[in-house]
Amino acid sequence: MIPVVTPGGAIGILGGGQLGRMLALAAARLGLKSHIFCPPGDNPGTHVCDAITLAEYDDSAACDRFASSVDVATYEFENIPLACVERIASRVAVRPGIGALRISQDRLHEKDFIRQLNIATAPYTAVDHAGELSRAAAEIGFPAILKTRRLGYDGRGQVALRGPDDLAGAWEKAGGAPCILEGKVDFAREISVVAARGGDDAIACYDPPENTHRDGILDISRVPADITVEIAAAAKALTARLLAALDYRGVIAVEWFVLKDGQLAVNEFAPRVHNSGHWTLDACAVSQFEQHIRAICGWPLGDPARHSDAEMRNLIGEEVEQWASLAAQPATALHLYGKAEARKGRKMGHVTRLFPKDGLA
Ligand SMILES: Nc1ncnc2c1ncn2[C@@H]1O[C@H](COP(=O)(O)OP(=O)(O)O)[C@@H](O)[C@H]1O
Ligand SMILES: [Mg+2]
């Protein structure tokens with residue numbers, strides 16, 4: 001068991017993006033306060049929280065003040081510098097812990113960790129410098145994807161290699177930093193399991209959505225996925241194994257490839273709430289955001305059952321200009337993040353269409 005943060009307590013959130021915003025809103029609904037720490041910029045989370053620290057993550061004095069002002073701290077994205085999180089963790093509980101964060105910050109460590117649990121991944125090998133790329137390609141074969149080990153997201157830091165001709169310049173295109181080379185998986189579909197492990201070690205998994213991507217960015221999450229109940233159950237059971245191995249508290253998202261023979265392989269995991277779980281805001285009594293707050297505060301986990309089937313679509317860049325027509329659609333929940341500028345590839349909001357299940361609507 002972990003100490004309980006009671007209503008009126010304060011949650012510290014590292015990161016001021018839309019995930020931090022939705023966490024702060026969920027905390028408010030439970031009578032908890034939120035304090036967001038992020039560098040200056042366009043930070044939609046800071047519009048809806050109780051306290052704000054605008055500072056760089058290497059500002060030790062700001063980290064210390066932040067840590068002493070909250071009852072528990074969490075993070076809304078995995079690329080917060082580890083030193084900052086370690087410093088905060090020396091003063092106040094950080095959940096999920098540093099271990100899961102450290103592993104997920106490096107694609108090589110992440111895949112090694114998953115393999116060691118006897119859970120499948122795409123074939124991969126480390127590529128520490130440009131000179132190793134041809135050896136790696138001989139080992140993995142084509143098609144393959146070169147990915148930077150650190151700091152990649154939304155398809156950034158990734159280069160597709162269709163054949164040997166694509167090797168020239170690939171290292172520089174990926175960012176010129178240590179990489180892994182992954183075999184391209186010929187999957188039937190992609191799903192994710194958003195799950196929580198609470199203070200009492202209980203685990204609650206939402207049903208896996210089926211995810212489709214456009215330009216490396218999540219486009220649509222649809223529940224239920226077009227998979228058998230056995231595959232859904234296997235994905236949840238393997239996710240539970242990962243959560244226990246990480247001694248995890250909070251919400252995690254594990255992205256899975258469903259292979260054509262029904263086998264499962266992990267793509268990656270995110271030690272946080274996740275875009276493919278946004279549908280839970282409108283289709284479940286307790287959303288992934290509330291579930292995360294409950295888990296890090298030592299509260300009982302909420303029921304992950306959904307009352308409606310759902311289809312969530314991201315509004316990327318100028319797609320957000322469709323807001324008025326989307327707002328007029330039936331059975332549709334519109335979420336806008338309040339970001340100032342609709343840059344290309346930027347997540348500006350999302351929209352969830354609900355399909356209530358018979359007898360429950
Ligand atoms: N090894 C792979 N085989 C097939 N598709 C892949 C592979 N790696 C990534 N992809 C595709 O690219 C998307 C983004 O890659 P991912 O590794 O999840 O990076 P990000 O951190 O940017 O989300 C995946 O959801 C999947 O559609
Ligand atoms: Mg991903």
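Which residue of β15 is the bridge partner of Arg 222? In this predicted model, for which local features need pLDDT of at least 70, side-chain atom pairs count only at pLDDT 80 or more, and totals for chains, interfaces and linings use all residues, side-chain values use heavy atoms, with hydrogens and water left out. Residues are numbered from 1 along each chain as its sequence is written, while chains are lettered from A and ligands numbered from 1 in the order in which they are written.

The bridge partner of Arg 222 in β15 is Glu 311. Helices (H or I, at least four residues) and strands (E, at least two) are DSSP runs, numbered from the N terminus, and two strands pair if DSSP finds at least two bridges between them. Strand β12 (residues 217-223) pairs with β15 in the antiparallel sense over 4 bridges. β15 also pairs with strand β17 (residues 347-356), again antiparallel, over 9 bridges; here Asn 314 has His 350 of β17 as its bridge partner.

Asn 314 itself deserves a visit. This residue of strand β15 (residues 308-316) counts as buried because its relative accessibility is 0%; buried means under 20% relative accessible area, exposed over 50%, and partly exposed in between (1.4 Å probe, protein chains only). The Asn 314 side chain makes a polar contact with the side chain of Asn 275 at 2.7 Å and reaches the backbone oxygen of Leu 218 at 2.8 Å. A polar contact is a pair of N or O atoms within 3.5 Å; within protein, one must be able to donate a hydrogen and the other to accept it, and residues adjacent in sequence count only if both atoms are side-chain atoms. Beyond neighbours within four places in sequence, the contacts of Asn 314 (heavy atoms within 4.5 Å) include Asp 219, Glu 319, Lys 347 and Gly 349.

Turning to the metal, the magnesium ion (ligand 2) is coordinated by two OE entries of Glu 255 and one of Glu 268, at 2.0 to 2.7 Å. Donors are N, O and S atoms within 2.8 Å of the metal (3.2 Å for Na, K and Ca); water is not among the atoms, so sites may look incomplete. Glu 255 is buried, at 13% relative accessible area, whereas Glu 268 is partly exposed, at 22%.
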